Every structure is written in C-alpha cells, then in structure tokens.
Amino acid sequence: MSNRNVTQGRTRMTPSEAFVETLVANGVTDVFGIVGSACMDALDLFPAAGIRYIPTVHEQGAGHMADGFSRIAGRHGVCMAQNGPGITNFVTAIAAAYWAHSPVVMITPESGTMTMGLGGFQETEQLPIFSKITKFQGHVNNPRRIAEITGRCFDRAMLDMGPTQLNIPRDYFYGEYEYEIPQPIRIEHGAGGTQALQEAADLLANAKFPVILSGGGVVMSNGVEACVKLAELLDAPVVSSYLHNDSFPASHRLWCGPLGYQGSKAGMELISKADVVLALGTRLGPFGTLPQHGLDYWPKNAKIIQVDADPKMLGLVKKISVGLAGDARSAALALTQQLQGRQLACHANREERTAQIRQQKDAWSKELTEWTHEKDPYSLDMIRNAAEMHPRQMLRELEKALPKNVMVSTDIGNICSVSNSYLRFEQPRSMLAAMSFGNCGYAFPAVIGAKVAAPDRPAVAYVGDGAWGMSFGEILTCVREKIPVTAVVFHNRQWGAEKKNQVDFYSRRFVGTDLENPSFAAIARSMGAEGIVVDKLGDVGSALAAACEAQLKGKTTVLEMMVTRELGDPFRRDALSMPVRKLEKYKDYV
Ligand SMILES: Cc1ncc(C[n+]2csc(CCOP(=O)(O)OP(=O)(O)O)c2C)c(N)n1
Ligand SMILES: [Mg+2]
C-alpha cells in the first residue's frame with residue numbers, strides 16, 4: 001500500500017526520505033531510468049510513496065520517455081540513473097528536451113564527497129556536461145538541503161519550461177536531519193506588458209490580413225481554446241509552427257496547417273499575404289520558417305507581434321513590432337477582450353479572406369492527394385519496377401486510419417519529415433517530435449513515455465529504419481513493463497534523409513547510407529511484441545487499426561512498412577554547398 005500524504009511540518013527523517021517526500025509533494029508518479037547503487041536507498045522507498053519506477057533498456061530511452069511523459073501530461077517527467085555512465089547516457093535526451101521546452105527533472109546522483117576528485121569508480125563532473133542544456137542545475141551541497149534543492153529543481157522546470165538537473169553526491173542520501181518538505185511554487189505567467197498589449201491590439205484592429213501562427217506555447221499553456229476564440233473574432237487563418245500540428249484543431253475552418261519543412265503549402269501561401277502576424281507562443285526558431293516547396297513565405301514587410309513566455313526569445317530570430325513576455329493563453333484571452341466590440345479593419349474583407357482560405361486549403365489537399373510519389377530523377381530511378389509502397393501513399397493511408405484521440409511521435413528522417421503534411425490533430429498534446437534538436441532515435445521512447453502519461457490514448461511512433469536500429473531495444477521496456485504502443489517502421493533500406501544530400505550534392509556517391517536490414521517484424525516477435533510486415537497499400541489502414549486495438553489488450557506491435565527508396569525534399573538544402581576539390585587525386589569527386 002502506498003501513501004501519498006506528504007509529511008507536514010519540521011520532522012526528523014533521512015535525506016532519502018526527505019528527497020522522496022519532495023517528489024511526492026510535486027506530484028511525481030512515474031520515474032524512468034536504470035537502477036544503480038548510488039540512489040538505491042531512495043529507490044527502495046518508491047513503492048511505499050506511490051511512485052512507479054520504470055526500468056528502461058538505455059538511459060537515453062529513459063530521458064526521452066520522461067520528455068514524452070511531460071509533454072502529454074503537462075507536468076514534470078522524471079528520470080534517474082547511476083552516477084557516471086548512467087548520467088552521461090542522458091545527454092542526448094536532455095538536449096532534445098531542452099529545445100522542446102519539456103519540464104524534465106533529471107536526477108543525477110554523483111560520486112561520494114569523500115572520494116570526489118580522486119578518479120574513483122564511475123566518476124565524472126556531472127554539472128558542466130549539462131550546463132548548456134538545462135534551465136537550472138541544483139547541486140545538493142549539504143544533505144540538510146536535499147528537500148529544498150529537490151523542490152527548487154521541480155519549481156524551475158515549470159517556471160522556465162525546460163529540463164533541470166538535481167545533482168546529489170551519493171553519500172548525501174544517508175544520515176538523519178530535520179526537514180520541512182517545501183510546497184511547490186507554481187508561478188502564473190501573465191499576458192504580457194499592458195502597453196504592449198495595447199499596441200498589439202491596435203495592430204490587429206487595423207490589420208487587413210491578420211494571420212495567427214500558433215506555436216508550442218499555445219499547447220503548453222492549454223491555450224488552444226483561447227487561440228480559437230481570437231482566430232474566430234478576426235476570422236484569421238491559423239498556421240501551426242513547425243512540428244506543433246496539434247496547436248490548432250485540424251477540422252476548424254480557419255486551420256491552415258503547419259509551416260516549415262514539409263509543411264502545408266496553404267499555410268505558407270496565406271501567411272505570405274499577411275500584413276500582421278500574431279506569433280503566439282513561439283520562439284520563431286530559424287529552422288521552422290525556412291523556405292519550403294520553393295516558397296520563401298515569411299512576410300518580410302508584415303508587422304510581427306510575438307508572444308513568448310521567455311522574454312529572451314522576443315525578437316531574437318525575426319524582427320518584431322511588438323513583444324509580449326507572457327503566456328500564450330493569457331495573451332490570447334487579453335487580446336480577445338481588448339478587440340471585442342472594437343471596429344476591426346479585417347471585417348471589411350472577411351468574405352474575400354474566407355474564400356482565399358478555402359481555396360488555398362482545397363488546392364493543397366488536392367495536390368497532396370495527387371502527389372502519390374516523388375518525381376525527381378533519383379526517385380524515378382528507385383521506383384522503376386519497385387514492388388514496395390510509395391511513402392506518400394502509405395502516409396496518406398496511415399493518416400486516414402489514425403484513431404481520433406491518438407498521440408503520434410515522429411522521428412528524424414526523410415519519411416518522418418514528409419509525414420508532417422499528413423498529420424492532423426483535433427486535440428492538443430497529441431504530437432511529439434524531436435523538434436529542433438533533431439536526433440534520430442527519439443520517437444519510440446518518447447511515445448512510450450506518452451503512453452505512461454495517458455494509458456487510455458492510442459500511442460503511435462513513426463520511425464525510419466535507421467533510427468529504428470538506434471531505438472528498438474526499448475521494445476523490451478514495452479513488453480516487460482506492459483506499456484503497449486505501436487511502432488510504424490519505414491523500411492527503405494537506407495539512411496534516407498542523409499542519402500538525399502548525396503543525391504543532390506555528391507552525384508549519388510553513397511557513403512554510409514545504404515542499410516541491409518533483418519526482418520524487424522521477426523525481431524519484434526522474438527522480443528515478445530507483435531511484428532507485422534505490411535507491403536500492400538490496401539493493408540496499411542487495417543494493420544494500423546488492428547495495432548491500435550491491440551494496445552487495449554496490452555500488446556505492443558511493430559508494423560514493418562516496406563517502402564521504396566524514393567526521397568522527398570531534403571532537410572538542409574540551405575546549409576550545403578556543391579563540392580569543390582583542388583587536389584588532383586580528388587578531382588572526380590564533384
Ligand atoms: C542521433 C543522430 N545521428 C545522426 C543524425 C543524422 N541523420 C539525420 S536524418 C538521418 C537518416 C534517417 O534515416 P532513417 O531513420 O532510416 O529514415 P529515412 O530518412 O530513411 O526515412 C540521419 C542519419 C541525426 N539526426 N541524429
Ligand atoms: Mg530509412
């Protein structure tokens with residue numbers, strides 16, 4: 001039997017007890033990691049405190065699971081591991097969480113204070129490694145402060161929306177002291193400056209073609225409804241920021257799809273016409289607004305109103321007219337209130353704008369349906385006589401079969417990126433992606449964490465075969481811990497996204513990009529999951545539906561999708577140059 005009542009008032013207890021009580025005070029129910037002796041004294045108390053400890057295959061997986069958990073639950077994701085190698089295995093996952101603004105608390109026990117610096121067992125300096133990828137690092141410098149500093153790490157992860165590190169010398173779990181378990185401090189972000197709100201409202205009131213760019217901050221602040229209200233008041237088209245496709249309901253007449261890599265042409269066409277853009281809850285990261293589909297769509301002469309909870313993001317990447325340091329939801333509500341009952345310039349051309357939205361959306365939808373395969377020379381060569389499915393057609397079938405309240409995570413790869421055009425959601429906290437850190441191997445562990453946060457929702461990961469090699473070990477976690485999810489693996493026998501660069505810039509000289517794979521379905525079955533090979537378009541929808549159904553019975557399924565080697569547009573056309581060779585021996589490598 002567990003007891004979730006937190007000890008009140010100053011009480012004598014051990015540091016392990018104070019630490020665990022502080023986790024409970026912060027609502028922690030699940031911790032991901034791999035056991036180690038360094039924190040075992042505290043771990044021993046988890047069951048009694050009502051905390052589930054979920055052992056993973058790799059600490060990177062645990063970090064991504066904590067990240068996925070936090071994004072779906074809207075509260076902390078927690079991971080913990082052994083000092084030294086267990087902690088260094090967290091690096092990639094914490095960097096991803098940092099750029100995704102996920103409130104992950106990473107607990108890093110470190111070597112004991114009496115041997116530190118002597119180069120003993122599993123010793124490394126654990127704070128510098130994470131100094132640039134955490135919002136706050138709490139180091140317990142005295143066991144009497146373990147509750148205080150643990151509490152602060154939880155407070156700061158929410159306040160600054162990002163990962164924090166709780167570093168505890170392993171000998172500081174022992175002893176006996178007086179503690180008061182701190183109450184969590186949760187600070188409400190306001191709507192932004194009064195004058196800035198006034199200026200923003202004036203800009204919107206006078207705008208002839210306002211467009212709302214709805215970002216991750218809208219999801220994180222539970223602000224989708226507020227964003228919908230404001231959009232309806234203005235009748236403004238709404239585009240989502242890159243990989244935040246769940247920041248506006250896709251069935252809404254004002255929804256125009258995501259911007260950025262493999263995003264919606266309709267959204268891009270419409271924002272290019274804007275005279276005022278309200279960038280709501282987005283840092284306007286540089287990758288998210290790169291030209292796409294041959295469209296350099298960012299409206300350079302438009303007035304930009306940017307709302308971000310982190311004031312340092314305001315005007316950092318794009319020139320802005322007004323900056324609101326505030327919460328996306330509060331800002332949307334405040335702007336709606338200010339604009340209600342006011343004369344709005346955009347109401348004069350409402351019909352014309354509504355027609356444009358409809359026309360752009362219809363055109364893009366038609367184009368997507370007709371875009372059955374890639375048409376560049378390499379892709380045409382690859383699909384000649386190929387029996388496998390075209391990735392785009394397969395993605396369209398998946399899109400149609402995704403259950404209504406599904407959570408989808410996507411990895412980094414060519415097909416995963418193309419899927420951006422085929423992922424629409426009705427509710428927030430539904431899409432998980434590796435975001436701007438862009439690490440392969442993210443999607444599968446992230447969706448496992450998501451499933452722990454929302455066991456009743458279907459959970460689906462889209463993963464390329466290369467990235468799958470990095471992450472499929474976590475099937476064991478699904479099976480051992482009974483966390484049923486569905487992995488859709490795009491088997492194209494290549495590190496496709498990188499191969500695309502070799503096609504475009506290196507005359508199809510393929511170095512390190514071809515993959516020979518075993519049967520991923522058979523591997524899944526040998527690990528205790530279900531494994532299904534799908535090689536016909538007609539089977540895609542039913543296979544996905546069955547796999548989602550199987551989650552209800554506790555079954556994890558790997559769908560191995562046999563697809564051609566064709567490739568969509570590359571990630572970084574902006575960042576590569578045609579090769580130049582000066583030495584005779586390399587002269588042919590152009
Ligand atoms: C950890 C990591 N290593 C390397 C890369 C570089 N990279 C980006 S996409 C990609 C290829 C992905 O291949 P796959 O998962 O098979 O998907 P595909 O592109 O074939 O659809 C690689 C290697 C990366 N993003 N992350
Ligand atoms: Mg691949």
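A pocket is an open set of grid points with protein on both sides within 12 Å along at least five of seven lines, and its lining residues have an atom within 4 Å of a point. The model examined here is predicted. In this model, the second largest pocket is lined by 26 residues. Ile412, Gly413, Ala497, Glu498 and Phe571 lie nearest its centre. Three helices, α17, α19 and α21, each give two or more residues to this lining. The largest share comes from α21, with four residues. By class, 13 of the lining residues are nonpolar, ten are polar and three are charged. The volume of the second largest pocket is about 480 Å³.

The space of the second largest pocket is taken by ligand 1. Around ligand 1 there are 18 residues. Asn414, Asp465, Gly466, Gly496 and Ala497 come nearest.

At least two shell residues come from each of α17 (414-418), α19 (465-471) and α21 (496-505). The leading contributor to the shell is α19, with four residues. For the pocket lining, the leading contributor is α21.

Backbone atoms make polar contacts with ligand 1. A backbone N or O atom of Gly466 lies 2.8 Å from an oxygen atom of the ligand. For Ile415, a backbone N or O atom is 3.1 Å from a ligand oxygen atom. Cys440 faces a nitrogen atom instead: a polar backbone atom of Cys440 is 3.0 Å from a nitrogen atom of ligand 1. Taken alone, ligand 1 exposes 580 Å². The protein buries 79% of that area.

Rolling a probe the size of a water molecule over the atoms shows where empty space is left. The model has three cavities of 30 Å³ or more.

The largest cavity has a volume of about 70 Å³. Its lining includes Tyr242, Leu243, Tyr261, Thr410, Asp411 and Ile412. Cys416, Ser417, Asn420, Ala433, Ala434 and Phe571 also line the largest cavity. Eight of the lining residues are nonpolar, three are polar and one is charged.

Trp255, Pro258, Gly263, Ser264 and Trp364 are among its lining residues. Asn420, Ser421, Tyr422, Leu423 and Arg424 also line the second largest cavity. This lining divides into five nonpolar, four polar and one charged residues.

Technical notes: Residues are numbered from 1 along each chain as its sequence is written. Chains are lettered from A and ligands numbered from 1 in the order in which they are written. This is a predicted model: local features need pLDDT of at least 70, side-chain atom pairs count only at pLDDT 80 or more; totals for chains, interfaces and linings use all residues. Side-chain values use heavy atoms; hydrogens and water are left out. A residue is near a molecule or strand if one of its heavy atoms lies within 4 Å of it. A polar contact is a pair of N or O atoms within 3.5 Å; within protein, one must be able to donate a hydrogen and the other to accept it, and residues adjacent in sequence count only if both atoms are side-chain atoms. Accessible areas come from the Shrake-Rupley method with a 1.4 Å probe; for residues, only the protein chains shown count as cover. On a 1 Å grid over the protein atoms alone, a cavity is a set of points where a 1.4 Å probe fits but cannot get out, and a pocket is an open set with protein on both sides within 12 Å along at least five of seven lines; lining residues have an atom within 4 Å of a point. A molecule sits in a cavity or pocket if more than half of its atoms lie within 2 Å of its grid points. Grid points are joined across faces, edges and corners, and a volume is the space filled by probe spheres set on the points. Ala, Val, Leu, Ile, Met, Phe, Trp, Tyr, Cys and Pro count as nonpolar, Asp, Glu, Lys and Arg as charged, and the others, Gly among them, as polar.
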